[in-house]
Structure formats: C-alpha cells, structure tokens
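Hi everyone, thanks for coming. Let me put a structure on the screen and walk you through its charged pairs.

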Amino acid sequence: MSNGLKRELGLFSATALVVANMVGTGIFTTSGFIMAELGDPRALILCWICGGLFSLCGALCYGELGARFPRAGGEYVFLKECLGRPVGFLSGWISLIVGFSAPIAAASMAFATYFFQTFAIPSGNEGFVFSMSGIPLVTLSPLTLTAIGVIVLFSLIHYHSLHVGSRVQNGLTLFKIILVVVFIGAGLFMGNGSADHFAVTATTAWSSEKFAVALIFVSFAYSGWNAAAYLGDEIVDPQKNIPISLFAGTVIVMILYVLLNVVYLYALSPEAMQGIMEIGAKSAKSLFGRGISRLFSGAVALGLLSVLSAMILTGPRIYYAMSRDRLFFQIFGRLDANRNTPAKSIFLQAAIAIMMVVSASFDSLLLYIGLTLSLFAMLAVIGLMRVRRQSPLSGGSYRTFGYPFTPLLFILGNLWIIFFSIKSRPITALFSLGTIGLGIAAYLYFTCRYHPEDESAVVGGTANTESQPLL
C-alpha cells in the first residue's frame, strides 16, 4: 500500500486504461471538424498519423517520468518534482478543469447524441434555455439530462471501489476494441463505399495554420495516452508496467485511429464529412444502411461509456494528491473509510463536468481542451529533460527511447500547434489563459492558507480517510 491507495492494477488493466482513455469521444466526433479545416483526404490521414507520432513521443517520455515518480497524480507529480510546486499546482488545476472534467462532459454529450440516434430520438436542445444578451448560458434538455445521468452513474460506480470500477472498465474497453475492429473490417470488406473518395482534391489549399488547428482536434482524440501515469500508486511493479502500458496502449490506438479514418473516407466523400459531429454514425449509414447505422450508434454509445468511465476513475487521483500536499482543500485529501476511494474528489469532478454539459458547445469544448492540455504536456516533457541533467537514472531503470530527439520532437510539435492555434482561435486561447490565470490565483490562496512548513506533515505521511482528516 502507498499513501492509502492499494497496488491492484496489473499490466493488462493499466494498458486497458490507456486505450479506454484514448478511444472514445474524439475518434467518433472530430474527423468531420478536421475535414472542414483541411478539405483534403490525404491531409486528414497525415494529420492522424502526425498526431499519433506526437502522442507516441509523449508516451515514451512519460514512461520515464512514471518510472521515476510512481505516485498518484501524474503530471501534477511530474511537474512538481521537475519544475517546482507552482507549476505542479497549475498542472493539477488544469487537470481538474480541462484534463478530466471537460472531456467527461464532452464524452457524456457524445454518448447522449449517439444514444438518441439509436432510438431515433431528436437530439436538438429543445428544453429550458437560460440566455443573457442572446448568448445561451444554461441548457436543460433531454440530451443534456441524459449526459448528466451517465456522469452521475459512473461516478457512483468508481466511488464504490477500485475493484468494481476496474472490472467495469476492462469489460467496456474490451467491448469497444471489438466494436472498432469489427467496424473497420466490415466497412472495408463489406461496406458500400467508394475508393474514389481518396482521390478528391481540396478546392482550396490547406495551410500550416489549418493543419495545426486540425491537430488540436487530433490531440484531443489522442488525449489519454498518459492515463496509466496518473495511477502510479495503484499499479503493480510501476517502474516496469507504467512505461510498457503507455507505449503499448498508444501504438494500439494509433493503428486503430488511422484505419478508422480510412473507413470514414471510404464511406463518405470529403464534402459530406465536413463539419459532421456524428461521423461514426454517418459512415455506418452510408456503408450499411439505416438499420445497421442505428445498431452501430448504440454500440458506439456503449463504447463511449468506456472513455467516460476511464476519466472518472483517473482524474480524482490528482486532486487527492494535491490535497495531500496542502495545495487543495483538505476535504479532497481524504479516502472514504469503507471503500478506500477518493470519494469527495470523484464527486467534485462530476459536479464540474455537469456544469460544462449545460453551458458549453461541443466543438469549442474540444479546442479548449486540446490547446490547454498540449501546453502542460509539453511542460512535463521539458521537466523530464531538466531532471535528466540533475538526477541521472540508475542502470536498471527505463530510459526514454530515442532521447533527446523524442522529447525535442514532442516539444517542437506542440509549440507549432499552440502557436498557430492561438493565431487562428484567439477567443479559445483567451479561455485557456483565463483558466491558467484562475489557477495562479488559486495557488496563491492555498500557499497563503497553508504555511510552507506544513508540507512536512503531509509528504511521506499516512493516508487520510474519513476518520483521519488532513488537518
């Protein structure tokens, strides 16, 4: 046991967690938005390959970080150890708002959309809408209420226990992988598509700026490649299993993503793809007809529960770790005395995700997530290069493959994406900067509230349960 959390996850479960975090909302929703940016089928495939290579570079780097610091918290722990407490806190803050709560909201909205398509229920936002100056701020509709319901359900499952939650997680992930593989095989060999779609040329040339913005959508779809690193305290033999699970999970997903986009292009012309959110359902309808499309929508909805479940499982470990370091409210540093889960952190995350469900549009949510996460993933890899110089690893420990080229490629790639995204989408960039600004204010609040000398009472201490408050 470490810090009150038990080492119960083996290599298979850790790899399944990575795959589950990655395969979900993005791959079934973003290709239409990417095609709207690029308009070129070859550029679309190239974009997914580039995004996969960037993610693989990140996974190789995070494997070493996870082996160095096998504790709950992921990027929060990495950045705290490599670049200091303020940067570590900002990473944890971003994880709370952007890294997990926002993707949970996006996944639940995508689930509700595909679920409604399965039963031919209109998915418009009919219902109560609260607006100010013509801008909708809160929307309560059958779709948003369904999204809220599934967030609550899976939060309760992962509150119950890690054992039950991981079993549900593994089952949903296995189903999702089978679904994707069957769809790829059936689509390419039995579907009513056309190879001529791959030869269509864009009416206007795509630029570096458009490609970089498209990569933001892709980076959202690939987000989750670092998932196993967040549960360092709960993975058996973490120095070995964290690097392997990150690498294996990312490679599996990269192959599946490229093949899925080949199927999308085989099913739909580039013009028909542009701006479509339910790209999976539209492709299934074109390949197999309306009846199979509805069945596929139901299967995708079930598959999306896997990514939703994985993020609800992973995120609370960060807020738990921050609270133990006296950089967050004390209540979130307690484990439930009976279930040994960070219950308060789970429900905090659910509450923030629900707020986003009723207040945000889907495509703006994706860009906001992708841009902000790219920044902090890049900082974590910069931190790896810094700590490498200061503290060399022992002989038997995992080292980043291809170092220093691997981290440099990841850093430069993300800088390119961030630069052009800010240039092209300044409003989204302002929201990202605003979130970081709020994080700085929160850090100052917590450092003023808890004196620096209090840290020694927490670091290396025993677990906090409901009967053992942090303060």
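Let's begin with E64 and R68, whose side chains meet in a salt bridge at 3.3 Å, N to O. By salt bridge I mean a side-chain nitrogen of Lys or Arg within 4 Å of a carboxyl oxygen of Asp or Glu. This is a predicted model, where local features need pLDDT of at least 70, side-chain atom pairs count only at pLDDT 80 or more, and totals for chains, interfaces and linings use all residues. Residues are numbered from 1 along each chain as its sequence is written, and side-chain values use heavy atoms, leaving out hydrogens and water.

Why can E64 and R68 be paired up along the chain? They sit four residues apart in helix α3 (residues 41-68), so about one helical turn separates them. Helices here are DSSP runs of H or I, at least four residues, and strands are runs of E, at least two, numbered from the N terminus.

Since R388 lies in helix α15 (residues 362-390) and E64 in helix α3, the pair ties together parts that are 324 residues apart in sequence. Together, E64, R68 and R388 form a linked network of salt bridges.

Are R388 and E64 buried or exposed? Both are buried, meaning under 20% relative accessible area, with exposed over 50% and partly exposed in between (1.4 Å probe, protein chains only).

Elsewhere, D40 and R42 form a salt bridge at 3.7 Å, N to O. D40 is buried at 9%, while R42 is partly exposed at 44%.
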